[in-house]
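Here are some notes to read alongside the model. Have the sequence and the 3D view open as you go.

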Amino acid sequence: MINCERVQESISRLLDGELSPPQSASLQEHLSSCPQCSESRRQLEKIQSTLKEVLNAQASELEFTPFWRGIQDKINRQRVWYQDYLDWGRSVFSVQRVAWGVPVVIILVLGLLSIDFLLPDWRFGNSRNSFVSVDSIDTHGHNVALLREDETKTTVIWLYQDREGDNETADETVTTGPAF
Amino acid sequence: MESTDWELVQQCQAGTMSAFQELVSRYQQKVFMVILGLLRNREDALEVAQETFFRAYRKIGSFQGGSSFYTWLYRIAVNMAIDAQRRQKRNPLDFRESMDGVLEAQNEVARDPFADIQDKELRENLVKAINELTPEHKAVIVLRTIEGLAYKEISEILGCSEGTVMSRLHYARKKLQEKLRAFL
C-alpha cells in the first residue's frame, strides 16, 4: 500500500523525470487509482506550466539590440588603454603556448650557464678576453691598476702615484700565468 | 554549420567579440527569465542580466570547459540575482505592477501570448507566492521550470547536492500549492 504523503515527494520527481522506470510505473499505477494524488499532480503541473508561460512572456519582450548595446557599453567603459595589448598578449601567450615555452626557456638558460663548462675556449666576442680595474688604495694618491688578458693568460698590475707634475707610474709589476 | 558553445567560448578567449555577441544572443532570454524569476522588478532583472553577461565576458578567459557553458553562465546569473535580491529595498509589489503593465500593453496591441492562460488571478498570485519563497527555493523552481535542467545540473549551478535540490524543489512546490490551491 503506497502512502499518499510519501507520494507527494515522488510526484515532484516524476514531473522532473528523475524517477527510474520501475518507480515511475509504480507511481503511475497509484495515481490512476488515487484521485487525491492525481489532483495534486495536476495542480503541480499547472503551477509549472503557468510559471513558464509568465516568464516566457516577459522574456519574449526582450529585444536583442538594446540589450547587447547595454553590455557593450559596460565592456567599453571597462576597457582601459592597454586592454588591446592585453588581448593581444592573451591570444599570443595562451596557456598551451606558455606550457611549451617554460621548459624551452629553462633549457636555454641552463645551456647558456653551462656553456663555459661544455666549451671552455668559447667566449662571447672580445668582452671577456680582458679585465681592467683601477682603484685608489690610500688617501695620498696611490692607485693600483689591474689588467688581465685571457688570450695570453697575462696579468699586469700597475702601482702609481697620482701627483701633478710627477711621473704617473711609480712601480710596475708583471706576472704571468693564472694568477687569478 | 552552427558553432558549438565551446567553439564560441574559445573564439572569445582569443579576443573575438562577435563570438561573445553570438553567445549573448543564444542565452539572453533564458538568463533574463532566470533572473526575472528571482527578482521582483523587470528593470532590475534587465540590469542584472546585462551585468551577468558583462561578468561572463570578463571571466571567460578562465572558463576551461569543465562544465557546460550554460551551467557556468547560469551560476553567475543566479549568484548575481540572489545578491541583488538581498540588496533590493524596493516595494514588493513592483514586480506585480511591472507584470500587469506588460500584460495590459500586450492586450492593447492584440498580441497577448497569454491568450491560452485562463486564470489571470492564478498568474498574479503565482508571482506573489514565488516572491515569498527564499532565494534558494526560488532558484531551484526557476531553473527547473525554465530550462528543464536535471537535478545534477541545478546542483552544479547552485553548489549543493542533488538531494538538496530535490528537497528544495519538493518544499517550494508544496508551498506554492498551499498558497495557490484556491486558484488551481
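Predicted model: local features only at pLDDT ≥ 70, side-chain atom pairs only at ≥ 80, totals over all residues.

1. Residues are numbered from 1 along each chain as its sequence is written, chains are lettered from A and ligands numbered from 1 in the order in which they are written, and side-chain values use heavy atoms, with hydrogens and water left out.

2. Start with chain B, which has nine helices and zero strands. Helices here are DSSP runs of H or I with at least four residues, strands are runs of E with at least two, and both are numbered from the N terminus. Of the 184 residues in chain B, 49% are buried, meaning under 20% relative accessible area, while exposed means over 50% and partly exposed is in between (1.4 Å probe, protein chains only).

3. Contact means heavy atoms within 4.5 Å. Among contacts in chain B between residues at least 6 apart in sequence, 65% link residues at least 24 apart.

4. Now the interface. The size of an interface is often given as the accessible area lost when the parts come together. Between chain B and chain A, the buried area is about 4,500 Å², with 65% of it from carbon and sulfur atoms; this is the accessible area (1.4 Å probe) that two parts lose on being put together, summed over both. Chain B brings 52 residues to the contact and chain A brings 40 residues.

5. Four salt bridges are counted between the two chains, each a side-chain nitrogen of Lys or Arg within 4 Å of a carboxyl oxygen of Asp or Glu. B:E47 forms a salt bridge with A:K74, and their closest N and O atoms are 2.8 Å apart.

6. Over in chain A, look at strands β2 (residues 142–149) and β3 (residues 154–161), which pair in the antiparallel sense over eight bridges. Two strands count as paired if DSSP finds at least two bridges between them. A:R148 has A:T155 as its bridge partner in β3(A). The hairpin has four residues between the strands, and A:K153 takes a positive phi near 55° there.

7. Finally, where does A:L110 lie? This residue is in helix α6 of chain A, and A:L110 is exposed, with a relative accessible area of 51%.
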